Amino acid sequence: MTTNEKVLVVDYGGQYTHLISRRCRELGVYSEIVTQDVRFTNASLCDVKGVILSGGPRTVTAKDLGTPFKDNLSMIEKTGIKTLGICFGHQLLAVHLGAKLAAGGNPEYGQTQIEIVERESILGGLEDSQFVWMSHSDEVVELPSGMTVLAKSGEDRIAAFRDNAFNIYGVQFHPEVTHTPNGLSILNAFLRDLCRYVDSWKPEDQIADMVEYVKKTVGEARVLMGTSGGVDSTVAAFLIRKAIGNRLFCVFVDNGLLREGEVEEVGSAFNEMGFENFVVLDAKDEFIDALEGVEDPEEKRTIIADKFIEVFERKAKDLEDEHGHFQFLGQGTIYPDRVESAATGKNTAVIKSHHNVRLPDWMRLKLVEPLSNLYKDEVRQVGLALDIPNHMIHRQPFPGPSLAIRIGGLVTRNQLSILRHADTILQDTLRSDIMYPSIWQSFCVLLPVRSVGVMGDERTFDQAIVIRIVESKDAMTASVSTPPWPLLLRAASRIVNEVKGINRVVYDLTSKPPGTIEWY
């Protein structure tokens, strides 16, 4: 990525580390994530004006306060680089400076009201009372002289501080999540007012760099590209084609786990976009048979990941007879895939494995992933700059493991048919409403539970469908959508009347966090 300025985000294992990075980029400052055991050098701090310490799922220890943290902070202080700690980072900086920490006694989770008590700070441009998003059990309970409380929550609990001797700030809450309404203002004050960043970084300005990355990585080799019709794989395919032309071969795998009409829709779209080498591969029976008897969602994801690579490896060998040797597999992997699969740092907890991140050791093809450092909305910006048709850029995200992870319990052909039918009804119903463009993702989940119902004066004992509709910008956080009540009732009525085997429909009211967007 080309930039003359950057902010470093130190990853202490928090699930929001990449969201901090994403928000900095949204504010026009390029960010890079480094692990907590990184050792700063003059070279690594070149063009760095600010460092942000992320949250994390543990209590501050003596090891955290040792080397390299102490050396890194000393170097930061000497060079005048500004530092902001968030949640665990806030606690770590406070303890380092002599504050007292209380472990686990009085947790705060969810939206919390704070009062700003010091106006001359990164909180200075806000109203006195603010709602923020908290997620902690440890807390800083006492500051030494030389440190100033900036904000409090509850009964005089320290919500933010400033060190008067150094350019160090800490906030106990999470300004990076959308549940902190003025969080971007706080981060912007840190980046622009305190750190004095002036550049305006934009993802679409990086197209030339991404194309060059593909050229250098691939050389004169051929690339087999896994395409799903989603925005990520479509934009990645465009970039790779821009770099190597007709040495790109796109393969769409019909794994039998897709939505109604998916194969025809994607095939037609890639034909319209002028892709010369586009192949649809029928592997329905392979995938469904491989999932037989499997209930655990992580096992499903692993099986599907392995099967995708197996299918691609086999297709590469088939195509080699006609076109020559394939060395690379192109993928539309993006940042959220990597953070939820714990692929960005050893301290990050695995939430769920993504099929395009957890790859088998036996894979012969090497990877080329031009979008692996971008977020979903950044990918869309790049896609629009490449003049990809709008309807392809704004398609709702669809998980790589497909409908298999929207079925609780066993994946069978009958369960897939039930879910596919219900989801088609939901989409048809939603598309008739003006709210549809504002939806990030809408889908049905099939639950492996049965409940008693009554239809035609007779008892039924059938399964339940969950309707899930959320709004988001980058999939790192999501809010529950609130569609018109009559619209939901219409969708539910059609599902129970038209889908055999369903007698109950419920609506999922869970945001992310604490839930994930997908169920499994």
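Colleague: With which strand does strand 12 pair over four bridges in the parallel sense, if I look at residues 326-330?

Modeller: A word first: this is a predicted model, where local features need pLDDT of at least 70, side-chain atom pairs count only at pLDDT 80 or more, and totals for chains, interfaces and linings use all residues. Residues are numbered from 1 along each chain as its sequence is written, and side-chain values use heavy atoms, with hydrogens and water left out. Helices (H or I, at least four residues) and strands (E, at least two) are DSSP runs numbered from the N terminus, and two strands pair if DSSP finds at least two bridges between them. Here Val 223 stands opposite Phe 328, and the parallel partner over four bridges is strand 15.

Colleague: How many of the five residues of strand 12 are buried?

Modeller: Buried means under 20% relative accessible area, exposed means over 50%, and partly exposed is in between (1.4 Å probe, protein chains only). Strand 12 covers residues 222-226 and is largely enclosed by the rest of the structure, because the number of its residues that are buried is four.

Colleague: What is the angle between the planes of Phe 249 and Phe 326?

Modeller: Rings of Phe, Tyr and Trp (its six-membered ring) pair if their centres lie within 6.5 Å; planes under 30 degrees apart count as stacked, over 60 as edge-to-face and the rest as tilted. The structure holds nine aromatic pairs, and in this one the centres are 5.1 Å apart and the arrangement is edge-to-face. It links Phe 249 in strand 13 with Phe 326 in strand 15, 77 residues apart, and both residues are buried. The angle between their planes is 85°.

Colleague: Are the rings of Phe 308 and Phe 312 stacked or edge-to-face?

Modeller: Phe 308 and Phe 312 are four residues apart in helix 10 (residues 297-323), so about one helical turn separates them. Phe 308 is buried at 10% relative accessible area, and Phe 312 is buried at 7%. Their centres are 6.3 Å apart and their planes are at 20°, so the pair is stacked.

Colleague: Which helix gives the largest share of the lining of the second largest cavity?

Modeller: The largest share, four residues, comes from helix 3.

Colleague: How many residues of that lining are nonpolar?

Modeller: Ala, Val, Leu, Ile, Met, Phe, Trp, Tyr, Cys and Pro count as nonpolar, Asp, Glu, Lys and Arg as charged, and the others, Gly among them, as polar. The lining of the second largest cavity has three polar residues and no charged ones. The nonpolar count is nine.

Colleague: Which residue is joined to Pro 68 by a cis peptide bond?

Modeller: Most peptide bonds are trans. Pro 68 sits in the loop between helix 2 (62-65) and helix 3. Its cis bond has an omega of about 10°, and the partner is Thr 67.

Colleague: Is Asp 387 buried or exposed?

Modeller: Asp 387 lies in the loop between helix 12 (376-385) and helix 13 (390-393), and its phi is positive, near 65°. Its relative accessibility is 66%, so Asp 387 counts as exposed.
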